[in-house]
Each structure stands twice: as structure tokens, then as C-alpha cells.
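The sequence and structure are shown first.

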Amino acid sequence: GPIIEFIQISTLGNSTNFGTNTLGILSAGNSDSTRGTFSGGFNPFRDVIEYITMASEGNVIDFGDLTAARAYAGSASSSTRGLIIGGYQPTYLNTIDYIEIQTLGDAIDFGDAVRVKAWGSSTQSPTRGVYMSGSTSVGPSSGTLIEFVTIANKGNATTFGDSTAGRRAATGGGNSVRGIFVGGYLSNAIQYDTIDYVTLASEGNAIDFGENIFTGSYSGAVANNNRMVIAGGYNAPATRTNIMSHITIATTGNAQDFGDMSSG
């Protein structure tokens, strides 16, 4: 199956093999302090949720099922709950599902996103899930809309503000204060190295942060309180990178090299 790799966020260097998952690609990731979950995936579209215990290497274990098969969904996590936001299967969804990360079982309906869309970019504070841009059935970008939900309360999403550029397949991350959105694309001809950020506790528009070292989309990301690492990516139509870059979340500026993954 597809490879899971890990890094120590506080230490620059290359990634190390963790195990494998069975979901294929483009699943939505959530985590609390001990467990990581992977929801949905592609080729074919899947409704499976799997999990790992982050302190020990190993392969994924079955968790439960989503309310509907999908890929390209957003995600956001609190210390207890994971959200799976929107997606595509092969129709666009505005469904938000949730799981209790420490309790195995099927996902439950949470509410609806403002827009029916996929390929969004998502992050969270301890209390809010925040979801940016993406694409809809009417075009490659749903505009610049940023939405949010309160993770502890089931319900529909609310408008947060606007990103600096509408795009899809950007990457989200950050810490409890700032949400960061990196890269993305509109078409083969229009691809971004843009990094912008929001203050998660207050609604408002995103602000320019700097530029990534890779122009493109579909990167992974992880973060601790200080640093966000952006891993890999795809520059359409055919270029993949195994580069990892990093930023210091509390300051603005361009990304710096972190190390390499085993493959693009």
C-alpha cells in the first residue's frame, strides 16, 4: 500500500518509513495527541476510515466508515474530534462528517459547508475548523471564500473571510493561533507558491505570509506550535517533488528547506 513516513518536526532532516495504509491517495487526515486517522480516498472512491498510533511505527488499522465515499475532502481536529469536510465522489459534496478520534466507529453527520466543494485547504485552532477555497462543479476555484465551524458544536459552517487568491488543492496547517494556507492551482498554467495566513480566533481576510520553495499543489503538512512543514507536492501536468520545506508560524517570510521524502 501507499507509504506513511514520519519526521521529527523540531529537527531538520529526511523522512523515515512509518508503515503503509490501504486507502490509496487523497484521503483526509485528522489527529489528536496520540492517534492519526485517514478518511476516504481515491481509485476507487472509498468510505473507509483507518488509524495509526503515532508513537509507534506500523501499518493502519480499520476505524470505521464515512457517511459516504469520497476523496479530496478537508479535515480539522480538536483534542477529541475529527471533521471530514466536503469532498468529491464523483459529485461534489458539502457534507461535514465527524468522528471521536479515540473511539472506533462510523462517522456521523455534523452539518453542511457553506459551499458544495472539494480540493479545499483546512486547518484548526483548538475550537474551530477553518476551510479555504477549493473547487466546485462550476469551475476550478470556488473563489476565495474561507469558512469555519465550531468543532464541539454540530452545525453548519459560517463565512470567515477571503483568501488572497482563490485556488484548489492548497495545503493547510498552523498552530492554535494562526492558520496557514500554502500553494494550490487553478490550471496547469496558473499554479501558486503563495503562503497566506489568518488569525483563527477572529474572522477576517487572509494576509500574505511569503512564498514556498515549490510552486504547486497537493502537498502534505504537519505542524507543532512553532513550525509548519510542507511535504512534497505536484506541479501539473507531470512534475512531482519530494522536497519538504518549513516556516516559522509566528513570523512571516519565505519557506526554507527541511529535507527530503523517499519519493515525490
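## Aromatic pairs and an open sheet

Phe148 is buried, because its relative accessibility is 9% (buried means under 20% relative accessible area, exposed over 50%, partly exposed in between, with a 1.4 Å probe and protein chains only). The model is predicted: local features need pLDDT of at least 70, side-chain atom pairs count only at pLDDT 80 or more, and totals for chains, interfaces and linings use all residues. Residues are numbered from 1 along each chain as its sequence is written, and side-chain values use heavy atoms, with hydrogens and water left out.

Across the whole structure, a search finds 15 aromatic pairs. Rings of Phe, Tyr and Trp (its six-membered ring) pair if their centres lie within 6.5 Å; planes under 30 degrees apart count as stacked, over 60 as edge-to-face and the rest as tilted. Phe6 and Phe18 form an edge-to-face pair, because their ring planes stand at 80 degrees, with the centres 6.1 Å apart. This pair links distant parts of the chain, with Phe6 in strand E1 and Phe18 in strand E2, twelve residues apart. Strands (E, at least two residues) are DSSP runs, numbered from the N terminus. Phe6 is partly exposed at 24% relative accessibility, whereas Phe18 is buried at 8%.

The rings of Phe148 and Phe160 also make an edge-to-face pair, with planes at 80 degrees and centres 6.0 Å apart. Phe148 lies in strand E13 (residues 145-150) and Phe160 in strand E14 (residues 158-162), twelve residues apart. Phe160 is buried, at 4% relative accessibility.

Ring pairs also join Phe42, Phe45, Tyr72, Tyr88, Tyr92 and Trp119 into a cluster. Two arginines sit over ring faces, as tabulated below; the criterion is that NZ of Lys or CZ of Arg is within 6 Å of the ring centre and within 35 degrees of the ring normal.

| Charged residue | Ring | Distance from ring centre |
|---|---|---|
| Arg35 | Tyr51 | 4.1 Å |
| Arg168 | Trp119 | 5.1 Å |

Strands E3, E4, E5 and E6 form, in that order, an open sheet with antiparallel pairing (two strands pair if DSSP finds at least two bridges between them). Its edge strands, each pairing on one side only, are E3 (28-31) and E6 (61-65). From one strand to the next, the twist averages 25 degrees, with axes being lines fitted to C-alpha atoms and angles running from 0 to 180 degrees between N-to-C directions. E5 (residues 46-53) pairs with E6 in the antiparallel sense over four bridges.
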